[in-house]
Amino acid sequence: MATERTLSIIKPDATRRNLTGRINAALEDAGLRIVAQRRTRLTQAQAEAFYAVHRERPFFRGLVEFMTSGPVVVQVLEGESAVAKNREVMGATDPKKAAAGTIRAQFAEDIEANSVHGSDSPENAAIEIGFFFGQVDIVG
Ligand code: ATP
Ligand code: MG
């Protein structure tokens with residue numbers, strides 16, 4: 001087990017419903033530490049670049065539209081096995097399939113407006129953290 005960092009995004013459906021604090025509490029209760037955080041509004045170019053791996057998927061246009069529809073909170077989480085731990089506390093992509101007690105089971109509206117993003121591997125975490133934060137922004 002090693003201390004890792006992962007990128008988390010509180011998505012527009014959640015900021016719209018004023019859920020930032022409750023989601024942060026769920027992350028902290030799971031043992032994750034918020035070591036950088038910024039509220040921002042993604043431009044279309046940023047959302048397209050961030051989700052470039054999904055470019056060919058049928059939901060891509062809708063996803064970009066959703067992710068630019070309101071403020072997001074981008075954050076770096078730190079802890080033991082932070083990537084996997086965050087995925088666990090987030091729950092499955094589709095809230096109907098998310099385990100009870102997970103953030104998506106509690107808060108997500110549907111498979112698209114699913115309240116949070118989390119990096120899916122340590123390699124992608126490093127890339128995604130670099131997308132939003134410089135070293136000086138992260139205080140562990
Ligand atoms: P994320 O990458 O946001 O942490 P994830 O890894 O659980 O979520 P991905 O398969 O990477 O899911 O999909 C990225 C995002 O695209 C999802 O979180 C969701 O917002 C949206 N999405 C995924 N599948 C669908 C779908 N079938 N219909 C609509 N939107 C979808
Ligand atoms: Mg993903």
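Me: Which residues does Gln 37 touch, not counting residues up to four places away in sequence?
Reply: Start with the cut-off: contact means heavy atoms within 4.5 Å. Gln 37 touches Asn 24, Val 73, Val 74, Gln 75 and Phe 133, with residues up to four places away in sequence not counted. This is a predicted model: local features need pLDDT of at least 70, side-chain atom pairs count only at pLDDT 80 or more, and totals for chains, interfaces and linings use all residues. Residues are numbered from 1 along each chain as its sequence is written, chains are lettered from A and ligands numbered from 1 in the order in which they are written, and side-chain values use heavy atoms, with hydrogens and water left out.

Me: With which side chains does the side chain of Gln 37 make a polar contact?
Reply: A polar contact is a pair of N or O atoms within 3.5 Å; within protein, one must be able to donate a hydrogen and the other to accept it, and residues adjacent in sequence count only if both atoms are side-chain atoms. The side chain of Gln 37 has one such contact with the side chain of Asn 24, at 3.0 Å. Another goes to the side chain of Gln 75, at 2.6 Å.

Me: Is Gln 37 buried, partly exposed or exposed?
Reply: Buried means under 20% relative accessible area, exposed over 50%, and partly exposed in between (1.4 Å probe, protein chains only). Gln 37 has a relative accessible area of 43%, so it is partly exposed.

Me: In which strand does Gln 37 lie?
Reply: Helices (H or I, at least four residues) and strands (E, at least two) are DSSP runs, numbered from the N terminus. Gln 37 lies in strand β2.

Me: What is the strand order of the open sheet?
Reply: Strands of a sheet pair through backbone hydrogen bonds, either parallel or antiparallel. Two strands count as paired if DSSP finds at least two bridges between them. Here four strands form an open sheet in the order β2-β3-β1-β4, and the pairing is antiparallel. β2 (33-40) and β4 (116-118) are the edge strands, each pairing on one side only. From one strand to the next, the twist averages 20°.

Me: How many bridges join β2 to β3?
Reply: Seven bridges join β2 to β3 (residues 72-80), and the two run antiparallel. Ala 36 stands opposite Val 76 of β3. Arg 39 has Val 73 as its bridge partner in β3.

Me: How many bridges join β1 to β3?
Reply: Eight bridges join β1 (residues 3-10) to β3, again in antiparallel fashion. Ile 9 stands opposite Val 74 in β3.

Me: Why is β3 largely enclosed by the rest of the structure?
Reply: Eight of its nine residues are buried, so β3 is largely enclosed.

Me: Now the helices. Where is the place of Asn 86?
Reply: Asn 86 sits in helix α5 (residues 82-90). With a relative accessible area of 1%, Asn 86 is buried. Outside its four-place sequence neighbourhood, Asn 86 touches Thr 6, Leu 7, Ser 8, Leu 27, Leu 32, Leu 77, His 117 and Gly 118.

Me: In which helix is Ile 103 found?
Reply: Ile 103 belongs to helix α6 (residues 103-107). Its relative accessibility is 0%, so Ile 103 counts as buried. The contacts of Ile 103 beyond four places in sequence are Ile 23, Ala 26, Leu 27, Val 89, Met 90, Ala 108 and Val 116.

Me: Back to the sheet. Is His 117 buried or exposed?
Reply: His 117 counts as buried, at 9% relative accessibility. His 117 lies in strand β4. Its side chain makes a polar contact with the side chain of Glu 128, at 2.9 Å. Leaving aside neighbours within four places in sequence, His 117 is in contact with residues including Lys 11, Phe 50, Tyr 51, Asn 86 and Arg 104.

Me: How many residues surround ligand 1?
Reply: A residue is near a molecule or strand if one of its heavy atoms lies within 4 Å of it. There are 14 residues around ligand 1, the closest being Lys 11, Thr 93, Glu 112, Asn 114 and Gly 118. An oxygen atom of ligand 1 is 2.9 Å from a side-chain N or O atom of Lys 11. For Asn 114, the distance from a ligand 1 oxygen to a side-chain N or O atom is 2.9 Å. For the side chain of His 117, the corresponding distance is 3.0 Å. The protein covers 81% of the 580 Å² of accessible area that ligand 1 has on its own. Accessible areas come from the Shrake-Rupley method with a 1.4 Å probe; for residues, only the protein chains shown count as cover.

Definitions and conventions
Axes are lines fitted to C-alpha atoms, for helices over the stretch in contact, and angles run from 0 to 180 degrees between N-to-C directions.
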